[in-house]
Amino acid sequence: MDISKTKAVIGEGAHFSGTISNARSIEINGTVEADLEAEKVSIGPEGEFHGAIKSDLVVISGHYNGEMHAHSVWATETAQIAGEVHYQSLQMDRGAALNCRVVHNWTEDTGSSLPHAESEDEVTESADAETDEDAK
Amino acid sequence: MDGSTNIIQGMVVEGKLDGGEAPVVISGNFSGELNAVEVFLEEMGVFKGTLNADRVELAGDFNGTLTTEELSVGSTAKVDGELRANSLAIELGAEVIGSVGRKS
């Protein structure tokens, strides 16, 4: 069989429970109980996802129940979302049903860059202090 | 989309998968239990665990127990385990270690 498909898909009639890793872009059209970390997740109209999703982009056209942390979330008109959605950018089409807690500013990204910036400031300050003393 | 489940190269999937009516294509890493109608384990695919299906084509690494009606083991396949099939074909080049028997 010639398989030229390069997209990860959980097909419509499929049921999966377990863990999925290293899936950059994945399409869920079946029923999945898992925790998922990816770059792009698409839950199709017949798709059902129960579990945690951590992704850059999530497009929801089916059912989602769990805790989601994403940069961009797009709930289309057939989306049904329960649980918790942490987002930076959210689009909700008319018809989308949200029965969840929606939290803006997924801080994990800013959280990891802040300590790094602080340490850079410390290094610069101590270097400045040394040159000031040398000048005196 | 024809409804098939496609586990692409690089993906690591662990758990229990029921493929439904559509084919399951594995080019990545699957460990656990798989029940499906038709399964294609591609050349880069690695399967570890239990597989129950009606039709199976192996071209990758299989380690575990396989029960199926029709089984075709391709020349690039490496099999270590128990194969139970009613209709079996093994191509020249395939590496098969284990036991081979009938499903029913």
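Ser31(B) lies in strand β4 (residues 29–35) of chain B, where helices (H or I, at least four residues) and strands (E, at least two) are DSSP runs numbered from the N terminus. The model is predicted, and local features need pLDDT of at least 70, side-chain atom pairs count only at pLDDT 80 or more, and totals for chains, interfaces and linings use all residues. Residues are numbered from 1 along each chain as its sequence is written, while chains are lettered from A and ligands numbered from 1 in the order in which they are written.

**Surroundings of Ser31(B)**

- Apart from neighbours within four places in sequence, Ser31(B) is in contact with Glu14(B), Lys48(B) and Gly49(B), contact being C-beta atoms, placed from the backbone, within 7 Å.
- The C-alpha atoms of Ser31(B) and Met11(B), which are 20 residues apart along the chain, are separated by 11 Å.

**Where chain A meets chain B**

- Contacts link 23 residues of chain A with 24 residues of chain B.
- On the chain A side, β1 (8–10) and β2 (15–21) are the elements that give two or more residues, and β2(A) provides the largest share, seven residues.

**Strand pairing between the chains**

- Strand β2(A) runs antiparallel to strand β2 (residues 12–18) of chain B, and seven bridges join them; strands pair if DSSP finds at least two bridges between them.
- Gly18(A) has Gly15(B) as its bridge partner in β2(B).

Terms used: Contact = placed C-beta atoms within 7 Å.
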